[in-house]
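Please keep the coordinates open while reading.

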Amino acid sequence: MKFTELKNDVKEGARNIYLLEGDDAYFRINGEEIIKSAFLQMPELNFTAFDGEALKGAAVSDLVSALQSVPFMSERRIVKVTGFYPSESDYEKHLKKLFENFPDTSTLIIVNAESKKGVDLKRKQCVTFVDCNRADEDTVAKWAYLTFKRAGVHASVDSCTAIARYCLCNMSRVALEVEKLIDYKRGGELTREEVDGLVYKDTDYRIYEMTNAVSRRDFDTFVQIENELCRKEGDETSLLSGLFSYFKNLLTVLTSDESDAELSKLLKMKEYGVKKSREQARAIGEERLKKYVKITYSAISEIKGGLAIPKNALQTVNNSLFF
């Protein structure tokens with residue numbers, strides 16, 4: 001299930017094993033809290049946490065013992081494991097019997113930031129998988145809209161979508177920005193101008209805006225964003241590296257025969273991001289992208305080789321992109 005479905009799911013009762021897995025820390029943290037708030041009583045006695053890295057081989061028996069322990073003056077005991085990637089042999093030897101005959105008085109919460117080599121817990125029938133990967137733009141915008149509404153702040157769909165984009169749909173950042181805006185407004189209408197002025201735009205989003213400016217041949221906007229990102233000496237190198245990486249990804253998306261799903265894994269992007277990159281890449285064109293990749297790579301190489309200072313190298317790239 002998606003993280004957004006978890007709150008309603010716990011109303012139907014506790015599951016034996018929850019796997020909260022994905023790259024959004026907000027979803028992982030809040031997913032754990034939703035489960036604990038619904039089923040945990042007297043946490044000082046009925047909650048145990050383990051580091052998954054320490055649970056290998058015979059040490060897995062410590063987890064098994066904790067789950068088989070009877071809760072104290074409560075209906076349920078909750079055990080949490082962070083970063084748990086058991087091998088096939090550890091699962092067969094130590095966990096399979098427990099997982100398939102799970103005690104009714106315990107709940108296991110496995111919290112993983114990513115998938116790793118080992119047994120595929122998501123495919124186990126006894127495991128309830130909660131997708132904690134970064135949500136799409138529409139889902140994040142809807143969450144922001146409803147959160148504002150509950151706080152007595154009216155925000156348009158356009159404003160909420162802008163917040164999602166500026167934060168690259170990172171819910172940890174979105175939640176902080178929404179909380180900041182609620183404290184600022186204390187009710188009433190939130191305008192798009194206030195969102196643009198108060199919400200911090202992620203650096204990757206600003207680079208996205210820069211590449212859009214390149215496709216539109218909008219030099220003024222490009223330089224304005226560039227100046228904002230280069231506030232101190234040496235930032236030029238970081239910006240050039242960001243541009244190089246972005247142009248390279250756009251070229252990969254444009255020229256690859258892989259599906260959006262496969263490219264999202266390869267480039268470590270959401271599928272929505274791949275689709276937006278494909279649109280942007282088509283607007284620029286393959287030949288221009290090849291040129292931009294070569295230009296930015298050469299500039300970075302000259303800086304590293306001591307042949308150019310960062311400021312001059314960036315200026316050379318600017319001239320090559322627009323003139």
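Which residue of β4 is the bridge partner of Ile17? The partner is Leu108.

## Basis and overall make-up

The model is predicted, so local features need pLDDT of at least 70 and side-chain atom pairs count only at pLDDT 80 or more, while totals for chains, interfaces and linings use all residues. Residues are numbered from 1 along each chain as its sequence is written, and side-chain values use heavy atoms, with hydrogens and water left out.

The protein chain has 16 helices and seven strands, taken as DSSP runs (helices H or I, at least four residues; strands E, at least two) and numbered from the N terminus. Along the principal axes, its C-alpha atoms fill a box of roughly 75 × 50 × 35 Å. Of the 323 residues, 46% are buried, meaning under 20% relative accessible area with a 1.4 Å probe, protein chains only. Among contacts (heavy atoms within 4.5 Å) with a separation of 6 or more, 75% join residues 24 or more positions apart.

Strand β4 spans residues 106-112, and seven of its seven residues are buried. One side carries Ser106, Leu108, Ile110 and Asn112, the other Thr107, Ile109 and Val111. Both faces are covered.

β4 pairs (at least two DSSP bridges between the strands) with β1, residues 17-21, in the parallel sense over five bridges. Strand β3, residues 77-82, also runs parallel to β4 and is joined to it by six bridges. Here Ile78 stands opposite Thr107. Between β3 and β4 the chain passes through helix α5, residues 88-100, in a right-handed β-α-β crossover; with the strands pointing away from the viewer, such a path runs clockwise from the first strand over the helix to the second.

## Two helix pairs

Helices α10 (residues 203-216) and α14 (residues 271-284) pack at about 30°, with axes 9 Å apart. Axes are lines fitted to C-alpha atoms over the stretch in contact, and angles run from 0 to 180 degrees between N-to-C directions. The pair is therefore roughly parallel, the term for angles under 35 degrees. Residues making the contact include Tyr208 and Asn212 of α10 and Lys276 and Gln280 of α14.

Helices α11 (residues 219-229) and α16 (residues 310-322) pack at about 160°, with axes 11 Å apart. This makes α11 roughly antiparallel to α16, the term for angles over 145 degrees. Phe219, Phe222 and Glu226 of α11 meet Leu314, Asn318, Leu321 and Phe322 of α16.

Definitions and conventions
Buried < 20%, exposed > 50% of the residue type's maximum accessible area, 1.4 Å probe, protein only. Parallel < 35°, antiparallel > 145°, perpendicular 65-115°, else oblique.
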